[in-house]
Structures are given as C-alpha cells and as structure tokens.
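Subject: Structure for your attention

Dear colleague,

Please find below the sequence and structure that I am handing over to you. My findings follow after it.

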Amino acid sequence: MTLGEVLAGATDYLAKRGVESARLDAERLLARALGLSRIELYTQHDRPLTEAERDAARELVQRRGAREPLAYVLGDWDFRRLTLRTDARALVPRPETEIVVERCLDLLRGVDEPRVLDVGTGSGAIALALAHEHPGARVVATDASQAALDLAQENAREHGLDVTFVQADLLDGLDGPFGLVVSNPPYVESDELAALEPEVRDWEPRSALVDEGQTGRLIADASRVLEGWLVLEVHERHACDIAALLATTGYDSVRITLDLAGKERVVEARWQQTR
Ligand SMILES: C[S@@+](CC[C@H](N)C(=O)[O-])C[C@H]1O[C@@H](n2cnc3c(N)ncnc32)[C@H](O)[C@@H]1O
C-alpha cells in the first residue's frame, strides 16, 4: 500500500469512530509514525510503505480511534512557545489557557523578579510558559497530584526552566508574598461530564476536570499569600459571580477577559491590602 492509500484509510477509520478532525489527525499521526513532515506526506504520496512503517502507523491510528486525545497519542503538544510532554498524568494544555498566560505577562510587565505561584500546574503549562517568557520570574507551582508534578518536572528539565514544584492541596503550607497567583482549577460541573467528548470524559484525569469547590477555596485563602494579582481561568457561567465576589472581598482592578470563542474565561483582580 502507498502512503497516500494508508492516509486515506486512516482518515476513514478515524471519521467512522467520530473523530472530528479525522484528516488532520491522520496526517499528524502518520507524519509522527513515519518521521516525516506533513508536507513530505504529500511529496511521498505514492511511495509504498514497509511493513514496519504500516505497523507503526496502525498503532497510533488505533489509539486515536479509541478516542484517546491526539496530544496523548503524539506524546507532546504545543503551548505558547513550548512543546510540552503530554500524557494521561495531566490535562492537555488548552488554547484558552494561553490567554491566561497572556494576562499574567501583561500584569507582570515591568516587574523584574516577581514571585509567581501557579496552583494546580498539571503538565506545568502555565508555570513553565511564565518562566520562559518572563525570565526574571521566580516561579513556584503546586499540584495535589504527584503524577502531574512528575510530568511537570520532566517538562521543566526538558526546557531547562527553573520552577519549584510542591505537592500541596491548593495553598496549604505555602507562604507569600507572591506578586501573582495564577490558577486554572478544575471547573467542569459533575452533571456536565457525561456530555463531554470521550477524549476528555474518558481519558483526562477526573481530578483535573471536576469542580470540587477548588475555585472558592482558592479565593478564600489567596489574600493570605498575595501582594498583587490573582488570575483565574473559570467556567464561563461563573465569571461574573467570581468577579463580583472578588470585588466585594476587597480586591480591586477586577477584569474579565474573553477566550477565543468569546466566552468569559479569565478573571483577574488585585489584592493590595496589608495583611
Ligand atoms: C484544569 S487542570 C489545569 C492543569 C494546568 N494548569 C493547565 O492549565 O493545563 C487542574 C489541575 O489542578 C489540580 N488540582 C485539583 N485539585 C487540586 C487541589 N485541591 N490542590 C492542588 N491541585 C489540585 C489537578 O491535579 C490538575 O492538575
């Protein structure tokens, strides 16, 4: 079979299993299995594949056909300027979280060596992007999951970024002051879970998805360690309430930022009272 025939077959296989971007995913998986760029898939379209090449491609395509997230099958995923290792130990970093990082960088502009805390770091995405794009930042990152922290540590090592990782329940045991606390806590409501795509519902860690009151607890405790900005990724339905809560509990400069789909996704506010 030629590469072109295998690509067409893989696309069909994925489409039949409900993968929305079947052609694109098939291209990315074949390119990875064969060690080619996506352009080379087309320049070598008529080349017959060896049995070993077909086996390698089949393994990846079958995993994707079982609705395993593309990022887990590939084993890496781009987040801002970094390519991060991704697997079932942590949530796949999302495009909307890049906007969270953008807001943090804006708020930290002009501050040479801010102390920054990323709560619930998962793959390390936010913490590592901040350390990378604001090189003076001294970044601490926490997670309740040791498996996620191991992955984040591997990503830090891979990119030579200096982030301190701590296993903790939210802010327990942490002392400030931090100039910025950022978090993308779990915010899927348990009754929403069943309606999510299988990639999310069946493969990503439940503890990274389902809201168990982390956002409320974080807001209640954040002012203890904060001398500056709190930046939260939130459920779009809760952004207004969270903004109002922050305003009534003594934060100022409250602002909501939309994600690329126009949903109210990021809430930020400043705490500058003496503790
Ligand atoms: C939505 S994921 C975000 C991961 C990563 N920050 C990102 O944006 O891709 C939430 C993370 O919070 C962690 N988490 C959940 N409950 C926690 C808690 N009580 N304390 C610390 N981390 C928690 C989960 O293990 C998970 O890694």
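By class, the shell around the ligand consists of eight nonpolar, eight polar and three charged residues. Here Ala, Val, Leu, Ile, Met, Phe, Trp, Tyr, Cys and Pro count as nonpolar, Asp, Glu, Lys and Arg as charged, and the others, Gly among them, as polar.

Please note that this is a predicted model, in which local features need pLDDT of at least 70 and side-chain atom pairs count only at pLDDT 80 or more, while totals for chains, interfaces and linings use all residues. Residues are numbered from 1 along each chain as its sequence is written, and side-chain values use heavy atoms, with hydrogens and water left out.

The ligand is surrounded by 19 residues, each with a heavy atom within 4 Å of it. The closest are Gly120, Asp143, Asp169, Leu170 and Asn184.

- The side chain of Asp143 has an N or O atom 2.6 Å from an oxygen atom of the ligand.
- In Ala144, a backbone N or O atom is 3.1 Å from a nitrogen atom of the ligand.
- The side chain of Asn184 places an N or O atom 2.9 Å from an oxygen atom of the ligand.

Of the 600 Å² that the ligand exposes when taken alone, the protein buries 94%; these accessible areas come from the Shrake-Rupley method with a 1.4 Å probe. Helix H10 (206–209) and helix H11 (214–222) are the elements that give two or more residues to the shell.

The chain as a whole contains twelve helices and nine strands; these are DSSP runs numbered from the N terminus, helices being H or I with at least four residues and strands E with at least two. Its C-alpha trace spans about 70 × 40 × 30 Å along its principal axes.

Two backbone details remain. The peptide bond from Gly176 to Pro177 is cis, with omega near -5°, and Pro177 lies in the loop between strand S5 (163–167) and strand S6 (178–183). Arg67 is not a glycine, yet has a positive phi of about 70°; Arg67 lies in the loop between helix H4 (51–65) and helix H5 (70–74).

Yours sincerely

Terms used. A polar contact is a pair of N or O atoms within 3.5 Å; within protein, one must be able to donate a hydrogen and the other to accept it, and residues adjacent in sequence count only if both atoms are side-chain atoms.
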